[in-house]
Amino acid sequence: MDSVLMANHGRKSMKTIRGFEVQHFKDDYGVDCSIQESSAWEPHIWLGVHKPDLKIMWTDAEKCGIPVPTQAGWYDYPIPPEVHIQSRMHLTRKQAKKLAKKLMYFAKYGRLKETKK
């Protein structure tokens, strides 16, 4: 994955160092997401959360040895820098077309189309 980005000077669209298009957007919760052209030989895109924000409930944080200042709510979950978390889908054109159909149906009707089993 080509994760080093060139300066974007405030734009939501930019290029990676290797010249691949990246476009950022926020979801309904304000989470930074992106869609990016892939460097794969066949056309692919990366799509999803740009940088995941990992949280842990205070009760579980205590069990994991993470100090919590108050016994309530969610806390940042520390991840060592050596750990890579894959948070974006790597989609082929065929997969993107299938996903686009599902998204368009949802955009039109506000729900997912039921599928036959």
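Trainee: Why is Lys15 called partly exposed?
Mentor: Lys15 has a relative accessible area of 38%. Partly exposed covers values between buried (under 20%) and exposed (over 50%), computed with a 1.4 Å probe and protein chains only, so 38% puts Lys15 in that class.

Trainee: What should I keep in mind about the model itself?
Mentor: This is a predicted model, where local features need pLDDT of at least 70 and side-chain atom pairs count only at pLDDT 80 or more, while totals for chains, interfaces and linings use all residues. Residues are numbered from 1 along each chain as its sequence is written, and side-chain values use heavy atoms, leaving out hydrogens and water.

Trainee: What makes the pairing of Lys15 and Glu21 a salt bridge?
Mentor: The term needs a side-chain nitrogen of Lys or Arg within 4 Å of a carboxyl oxygen of Asp or Glu. For Lys15 and Glu21 the N to O distance is 3.4 Å, so the pair qualifies. A search of the whole structure finds four salt bridges.

Trainee: How do you know that Asp76 and Lys55 pair too?
Mentor: Their N to O distance is 2.4 Å, so this pair also meets the cut-off. Strands here are DSSP runs of E with at least two residues, and helices are runs of H or I with at least four, numbered from the N terminus. Lys55 itself is partly exposed, at 39%.

Trainee: Which helix holds Asp60 and Lys63, and how far apart are they along it?
Mentor: Both sit in helix H1 (residues 58–63), three residues apart, which means a separation of about one helical turn. Asp60 forms a salt bridge with Lys63, with the closest N and O atoms 3.4 Å apart. Asp60 is partly exposed at 32%, whereas Lys63 counts as exposed at 69%. As for networks, salt bridges that share partners join Asp53, Lys55 and Asp76 into one.

Trainee: Why is Leu99 called partly exposed?
Mentor: Its relative accessibility is 26%, so Leu99 falls in the middle class. Leu99 is found in helix H2 (residues 93–109). Not counting residues up to four places away in sequence, Leu99 touches Leu47, Met89 and Leu91, where touching means heavy atoms within 4.5 Å.

Trainee: And where is Ile79 found?
Mentor: Ile79 is in the loop between strand E6 (74–76) and strand E7 (88–92). At 33%, Ile79 is partly exposed.
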